[in-house]
Amino acid sequence: MSNILEALNWLLTADAWTGPGGLWVRSLEHLAYTLIALGISAVIALPLGLAIGHTRKGRGIAIVATGAARALPTLGLLTLVALVTGIGLTAPMVALVVLAAPSVLAGAYAGVESVNQATVDAARAQGMNGWQVLTRVEIPLGLPLILSGLRLAALQIIATATLAAYVGAGGLGRQLFLGLQTYDYSVMLGASLVVILLAILVDTAFGLTQRLLRRVPGLAGPGKAPSTGTRSRRVRANMTAN
Amino acid sequence: MTWILDNLPRIGELTLAHLALSLPAVIIAFVLSIPLAWGANRVRVLREPVLTGTGLLYAVPSLPLFILLPALIGTSVRDPLNVVIALSIFGLALMVRSAAEALDAVTDDVRTSATAIGFSGVGRFFTVELPLAGPALLAGVRVVCVSSISLVSVSAVLGVSSLGSLFTDGFARDIIGSIVAGILMTVVLALICDLLLVLAGRMLMPWQQTRRRRPLLARSREVAA
């Protein structure tokens with residue numbers, strides 16, 4: 001416990017936070033990495049996932065790909081790319097995107113698939129074409145699961161961005177590894193606490209957004225209509241299982 | 001490739017170390033999740049807090065948790081025990097929710113029928129509810145197993161020996177073969193453990209096969225009609 005107090009003490013000193021290598025700068029770097037990696041993952045995986053959910057094609061491949069990505073050790077990928085591309089931001093970004101894209105993909109197709117088939121048929125019967133069905137029915141109704149995928153991806157990225165410093169990039173991992181190398185446990189622990197806090201903050205922000213969106217009419221949360229409720233729960237279970 | 005062949009004994013050693021870290025964690029997570037999930041289902045007021053609470057644990061990044069734990073339980077950062085406990089926490093975070101949902105999916109009809117036949121509370125749980133929840137529990141354990149095996153590697157940056165050491169050594173000494181070997185072995189290990197779990201599931205739950213066959217038959221009959 002005294003260790004935690006020491007770490008908190010360190011966190012309360014101004015020196016720890018200010019300056020070019022201070023915790024503020026590192027936290028912002030960490031968040032920037034997270035946003036960039038999440039953005040790239042979303043640009044790649046969202047359209048793919050929506051297409052898979054909408055056309056119901058390629059689902060088998062998507063499941064295998066997400067399963068394989070789960071088994072892939074991030075540290076291995078990170079160091080491998082770093083040896084090839086050199087020290088810098090490329091390796092962490094590649095590793096982060098490979099890690100996060102499957103979660104986004106699974107969320108996107110699970111979200112679209114969670115929409116009640118009767119609703120989709122009804123939309124078609126109204127004369128909507130495929131694109132309209134996707135953008136006006138499937139995406140708004142599948143939004144809770146699509147966001148869950150992004151939320152999971154964001155958490156994975158924040159956790160793993162800590163390792164970016166291992167291959168020479170910045171982020172909060174810098175302080176953490178600095179503490180590790182100098183046997184300064186309180187610095188290591190302090191930096192860890194900041195990473196944990198950041199992860200919980202981002203997770204809570206996503207949670208609040210999801211809760212707020214559920215109140216917007218037309219964006220149904222899972223469990224609102226009983227028929228879609230059980231279905232989406234099953235799809236969500238699949239999402240984590242695969 | 002030659003590096004891999006020259007270092008087979010070391011790779012084997014690290015693979016065993018890797019298993020020694022990840023398998024206990026999977027078992028601990030599974031064993032602890034059942035009573036927790038059962039309790040959460042039993043006392044409805046506790047259900048959401050327990051599930052959200054354990055879910056929130058999953059939001060805690062792994063490397064920081066490896067570092068935070070020693071301060072809480074007094075192990076050292078390089079202690080394998082520390083890694084096992086951290087992995088158990090992650091496993092538990094995933095497993096409690098799947099276990100709670102698996103046990104909850106057993107219908108009340110089944111439960112009341114079992115009571116009517118004369119099962120006691122404990123007997124009913126172990127001979128009726130647990131086997132029926134089996135397939136969903138297995139799905140949960142499979143996820144926990146694969147993610148634990150891939151997560152162990154991270155502890156290598158702290159100096160704990162596992163297949164992850166092949167990444168840190170390979171990176172420090174610029175040996176791509178070492179990193180590739182580490183990635184391959186981790187994936188192979190995850191696949192083998194997953195396969196063993198599936199096989200164990202088939203042996204423990206033989207009724208799963210017959211159940212899967214039935215709808216197919218029914219469907220072909222429909223088509224024929």
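Start by selecting B:D108 and B:R111: they form a salt bridge, with the closest N and O atoms 3.3 Å apart. Salt bridge here means a side-chain nitrogen of Lys or Arg within 4 Å of a carboxyl oxygen of Asp or Glu. A word on what you have open: this is a predicted model, where local features need pLDDT of at least 70 and side-chain atom pairs count only at pLDDT 80 or more, while totals for chains, interfaces and linings use all residues. Residues are numbered from 1 along each chain as its sequence is written, chains are lettered from A and ligands numbered from 1 in the order in which they are written, and side-chain values use heavy atoms, with hydrogens and water left out.

B:D108 and B:R111 sit three residues apart in helix α6 (residues 108–117) of chain B, so about one helical turn separates them. Helices (H or I, at least four residues) and strands (E, at least two) are DSSP runs, numbered from the N terminus.

Is B:D108 buried or exposed? B:D108 counts as exposed, at 54% relative accessibility, whereas B:R111 is buried at 18%. The cut-offs are under 20% relative accessible area for buried, over 50% for exposed and partly exposed in between (1.4 Å probe, protein chains only).

B:R111 lies in helix α6 of chain B and B:E129 in helix α7 (residues 121–151) of chain B, so the pair ties together parts 18 residues apart in sequence. B:E129 is buried, with a relative accessible area of 6%.

Move along to B:E101 and B:R97, another salt bridge, whose closest N and O atoms are 3.6 Å apart. Both lie in helix α5 (residues 80–104) of chain B, four residues apart, about one turn of the helix. B:E101 is partly exposed at 26% relative accessible area, and B:R97 is partly exposed at 32%. Over all chains, the salt bridge count comes to 11.

Finish by selecting chain A. Of its 242 residues, 50% count as buried. Look at contacts too (heavy atoms within 4.5 Å): among those with a separation of 6 or more in chain A, residues 24 or more positions apart account for 76%.
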